[in-house]
Amino acid sequence: MSFHSSAYNLRSIDKGFELRAFFRDSADRLWVGSKSEYVRIYNKDGRLSGYLSPEGKITKEKVSFGASVYCMYEAPDGTLWMGTKVHGLIRLTRKTLQEYKVERYTHDPEDPYSLSHSEVYTILCDSRNNIWVGCYGGGVNLL
């Protein structure tokens with residue numbers, strides 16, 4: 001497969017760092033997670049809306065989310081789920097279009113009902129709306 005340079009415009013958004021997750025939400029915004037622990041949100045027209053803070057606010061300031069996001073998924077109820085390399089599974093419940101409640105789920109060796117591992121690499125919703133979480137080194141979890 002080849003791409004002709006006249007068919008697209010390349011725009012660097014995270015020079016020197018690796019992007020890990022791309023996701024388009026129900027509001028038509030593009031979410032981009034990077035290995036450098038930034039989560040950027042872009043408007044439909046391609047303009048940067050802001051950065052997701054660890055507190056769940058989308059801010060114009062360049063602020064680290066504090067976790068490398070490797071996958072994202074939006075459930076039918078609008079809940080956003082993000083899988084991270086070390087910090088487990090993150091649930092974002094929308095308060096407003098610019099603010100989310102943040103809940104974190106990680107592996108706890110003392111709790112058999114916790115995630116099997118804190119490295120979450122994939123999230124899938126099946127035909128029955130069950131959410132499955134794939135963990136590196138820990139198998140598959142059903143939420």
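A residue is called buried when its relative accessible area is under 20%, exposed when the value is over 50%, and partly exposed in between (1.4 Å probe, protein chains only). The structure described here is a predicted model, in which local features need pLDDT of at least 70 and side-chain atom pairs count only at pLDDT 80 or more, while totals for chains, interfaces and linings use all residues. Residues are numbered from 1 along each chain as its sequence is written, and side-chain values use heavy atoms, with hydrogens and water left out.

The protein chain contains zero helices and twelve strands; both kinds of element are DSSP runs numbered from the N terminus, helices (H or I) having at least four residues and strands (E) at least two. Of the 143 residues in the protein chain, 38% are buried. The accessible surface comes to about 8800 Å², and 51% of this area belongs to carbon and sulfur atoms; such areas come from the Shrake-Rupley method with a 1.4 Å probe, and for residues only the protein chains shown count as cover. Contacts, defined by heavy atoms within 4.5 Å, were also examined along the sequence. Among contacts between residues at least 6 apart in sequence, 35% join residues at least 24 apart.

Strands of a sheet pair through backbone hydrogen bonds, either parallel or antiparallel. Two strands are taken to pair if DSSP finds at least two bridges between them. An open sheet of five strands with antiparallel pairing has the order E1-E2-E3-E4-E5. Its edge strands are E1 (19-24) and E5 (58-59), each of which pairs on one side only. Within this sheet, strand E2 (residues 30-34) and strand E3 (residues 39-42) run antiparallel and are joined by four bridges. Leu-30 stands opposite Tyr-42 in E3.

The interior was described through nonpolar cores, a core being a set of buried Ala, Val, Leu, Ile, Met, Phe, Trp, Tyr and Cys residues joined through side-chain atoms within 4.5 Å. The largest nonpolar core has 16 residues, and those with the most contacts inside it are Trp-31, Leu-52, Phe-65, Met-82 and Leu-92. Two or more residues are given to this core by each of E1, E3, strand E6 (69-74), strand E7 (80-84) and strand E8 (89-96). A second, separate core has eleven residues, including Ala-75, Leu-89, Ile-123 and Cys-135. When residues up to four places away in sequence are not counted, Leu-52 touches Trp-31, Val-39, Ile-41, Lys-57, Ile-58, Val-63, Ser-64, Phe-65, Met-82 and Leu-92.

Salt bridges were assigned where a side-chain nitrogen of Lys or Arg lies within 4 Å of a carboxyl oxygen of Asp or Glu. By this rule the count is eight. One of them joins the side chains of Glu-18 and Lys-35, with an N to O distance of 3.9 Å. This pair links distant parts of the chain, since Glu-18 belongs to the segment before E1 and Lys-35 to the loop between E2 and E3, 17 residues apart. Both residues are partly exposed, Glu-18 at 38% relative accessibility and Lys-35 at 39%. Glu-18 and Lys-35 are also linked with Arg-20 in a network of salt bridges.

A further salt bridge brings together the side chains of Lys-44 and Asp-28 (3.3 Å, N to O). Here Lys-44 lies in the loop between E3 and strand E4 (48-52), and Asp-28 in the loop between E1 and E2, 16 residues apart. Lys-44 counts as exposed at 67% relative accessibility, whereas Asp-28 is partly exposed at 26%. Arg-91 forms a salt bridge with Glu-103, their closest N and O atoms being 3.9 Å apart. Because Arg-91 lies in strand E8 and Glu-103 in strand E9 (residues 99-105), the pair ties together parts that are twelve residues apart in sequence. Arg-91 is partly exposed at 26% relative accessibility, as is Glu-103 at 23%.

Lys-85 lies in the loop between E7 and E8 and, at 30% relative accessibility, counts as partly exposed. The C-alpha atoms of Lys-85 and Val-69 are separated by 6.6 Å, although the two residues are 16 apart along the chain. Leaving out residues up to four places away in sequence, Lys-85 touches Ser-68, Tyr-70, Ser-118, Glu-119 and Tyr-121.
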